[in-house]
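Please read this briefing alongside the sequence and the 3D structure shown below. The points that follow are grouped by topic.

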Amino acid sequence: EVFTPYAGLAALLAALQIPLHGLRMADWHTKGIWRKPLLWVLYLAYGWLLLGFVLQLAVYLSGVSPFLALHAFAVGGIGMVTAGMMARVTLGHSGRDVFAPPAVESWIFLLLMLGAVLRVILPLLDAAHYGLWVGLSQTLWIAAFSLFIGVHLPMLWGPRVDGRFG
């Protein structure tokens, strides 16, 4: 889509990506993933990338707004994977146990997930309230990242909890 003006080519490439990423996502799934917030957030973020390809195809086939595909990639995919990786890196580099993240981590990720649902899925179901869905999504996004900063910034400012250098 960025490199060619041909919408049909972008749709074809998206159609090719759907089964490839769908198989990869299915292969990555294990039941234990749902007990680990730092894993399920990445798995769900990958699901949003897959949905982005589905919506990109739907833009061409059925006239779905291209902004929904864009926001599936950006809000759901990139936003959630970024939060998940920043949380993991913050815990690890501050000497904390990445296998036992703070309980609030799940709430941060759930706020981001709900924000993505409000931004991408609800406009598909109820376009008449598009402005409401976008505004609520923005509010959840701001709340999630504000909470993220409140939890993780002190970890990064303070010394490592394990006493090691760094």
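A salt bridge here is a side-chain nitrogen of Lys or Arg within 4 Å of a carboxyl oxygen of Asp or Glu. The model is predicted, so local features need pLDDT of at least 70 and side-chain atom pairs count only at pLDDT 80 or more, while totals for chains, interfaces and linings use all residues. Residues are numbered from 1 along each chain as its sequence is written, and side-chain values use heavy atoms, with hydrogens and water left out.

**Salt bridge**

- By this rule the count comes to one salt bridge, in which the side chains of Arg 160 and Asp 162 meet at 2.6 Å, N to O.
- Arg 160 is buried, with a relative accessible area of 14%, whereas Asp 162 is partly exposed at 35%; buried means under 20% relative accessible area, exposed over 50% and partly exposed in between, with a 1.4 Å probe and protein chains only.

**Helix H3**

- Helices are DSSP runs (H or I, at least four residues) numbered from the N terminus, and H3 covers residues 66-93, which is 28 residues.
- From its first C-alpha to its last, H3 reaches 38 Å, close to the expected 40 Å, where the expected span is 1.5 Å times one less than the number of residues.
- Just after H3, Gly 95 takes a positive phi of about 80°.

**Nonpolar cores**

- A nonpolar core is a set of buried Ala, Val, Leu, Ile, Met, Phe, Trp, Tyr and Cys residues joined through side-chain atoms within 4.5 Å.
- The largest such core has 27 residues, and the members that touch the most others are Leu 38, Trp 48, Leu 55, Met 80, Phe 109 and Leu 112.
- At least two residues of this core come from each of H2 (37-62), H3, H4 (104-125) and H5 (130-157), and H3 gives the most, with eight.
- Leaving aside neighbours within four places in sequence, Trp 48 is in contact (heavy atoms within 4.5 Å) with residues including Phe 73, Met 80, Met 113 and Ile 121.
- A second, separate core of five residues includes Met 25, Ile 33, Tyr 43 and Tyr 46.

**Aromatic pairs**

- Rings of Phe, Tyr and Trp (its six-membered ring) pair if their centres lie within 6.5 Å, and planes under 30 degrees apart count as stacked, over 60 as edge-to-face and the rest as tilted; the structure holds six aromatic pairs.
- One of these is the tilted pair of Trp 28 and Tyr 46, at 4.8 Å centre to centre with 45° between the planes, which links helix H1 (residues 7-28) to helix H2 across 18 residues.
- Trp 28 is partly exposed at 45% relative accessibility, whereas Tyr 46 is buried at 11%.
- Trp 141, Phe 145 and Phe 148 form one aromatic cluster.
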